[in-house]
Amino acid sequence: MEELAADHRGWAGERSWHTHDRDLPVSAVFRSGGHVGLTWAVRPWPGAAGGWGASVATWLEAGEQMTSLAADVRAFLAKEYQ
C-alpha cells in the first residue's frame, strides 16, 4: 500500500499481490483523474470442489486517501503481529 501511495502520479498496467497460499489476492490499477482502483478478493481452498470466492473493488484518490489507507493497513498489521 505504501508503494501505491508513493506513486501518486500513476503507473501503467496492473499491480498485484497475494498471500503465500493465494487465498487473498489484491490488484491495483491507476486511472485518469488520479484514482486508484483496488480489487480485494478472497478465494479460500482454491483446489476444493465447489470452492467459492468473493471480491470487492474500491476506488480511492491517489494522494491523501491512499496515504491514509497505507497507514491504516500498517497499523492493523502491526497490531496483528504484537
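The structure holds one aromatic pair (rings of Phe, Tyr and Trp, the last by its six-membered ring, pair if their centres lie within 6.5 Å). This is a predicted model, in which local features need pLDDT of at least 70 and side-chain atom pairs count only at pLDDT 80 or more, while totals for chains, interfaces and linings use all residues. Residues are numbered from 1 along each chain as its sequence is written, and side-chain values use heavy atoms, leaving out hydrogens and water.

**The aromatic pair**
- The rings of Trp-11 and Phe-30 have centres 5.5 Å apart and planes at 55°, so the pair is tilted; planes under 30 degrees apart count as stacked, over 60 as edge-to-face and the rest as tilted.
- Trp-11 lies in the loop between H1 and E1, and Phe-30 in strand E2, so the pair ties together parts 19 residues apart in sequence.
- Both Trp-11 and Phe-30 are buried (under 20% relative accessible area; exposed is over 50%, partly exposed in between; 1.4 Å probe, protein chains only).
- The charged end of Arg-15 sits over the ring of Trp-11, 4.4 Å from its centre (the rule: NZ of Lys or CZ of Arg within 6 Å of the ring centre and within 35 degrees of the ring normal).

**Around Asp-7**
- Asp-7 lies in the loop between H1 and strand E1 (14–18).
- Asp-7 counts as partly exposed because its relative accessibility is 27%.
- The side chain of Asp-7 makes a polar contact with the side chain of Arg-15, at 2.6 Å (N or O atoms within 3.5 Å, one able to donate a hydrogen and the other to accept it; residues adjacent in sequence count only if both atoms are side-chain atoms).
- Asp-7 and Gly-63 are 56 residues apart in sequence, and their C-alpha atoms are 8.5 Å apart in space.

**The nonpolar core**
- The largest nonpolar core has twelve residues, among them Trp-11, Phe-30 and Met-66 (buried Ala, Val, Leu, Ile, Met, Phe, Trp, Tyr and Cys residues joined through side-chain atoms within 4.5 Å).
- H1 (2–6), E2 (25–31), E3 (35–42) and H2 (64–80) each supply at least two residues of this core.
- H2 gives the most, with three residues.
- Not counting residues up to four places away in sequence, Met-66 touches Met-1, Leu-4, Ala-5, Val-36, Leu-38, Leu-60 and Glu-61 (heavy atoms within 4.5 Å).

**The whole chain**
- The chain has two helices and four strands (DSSP runs, numbered from the N terminus: helices are H or I, at least four residues; strands are E, at least two).
- From the N terminus on, the elements run α-β-β-β-β-α.
- Of the 82 residues of the chain, 23% count as buried.
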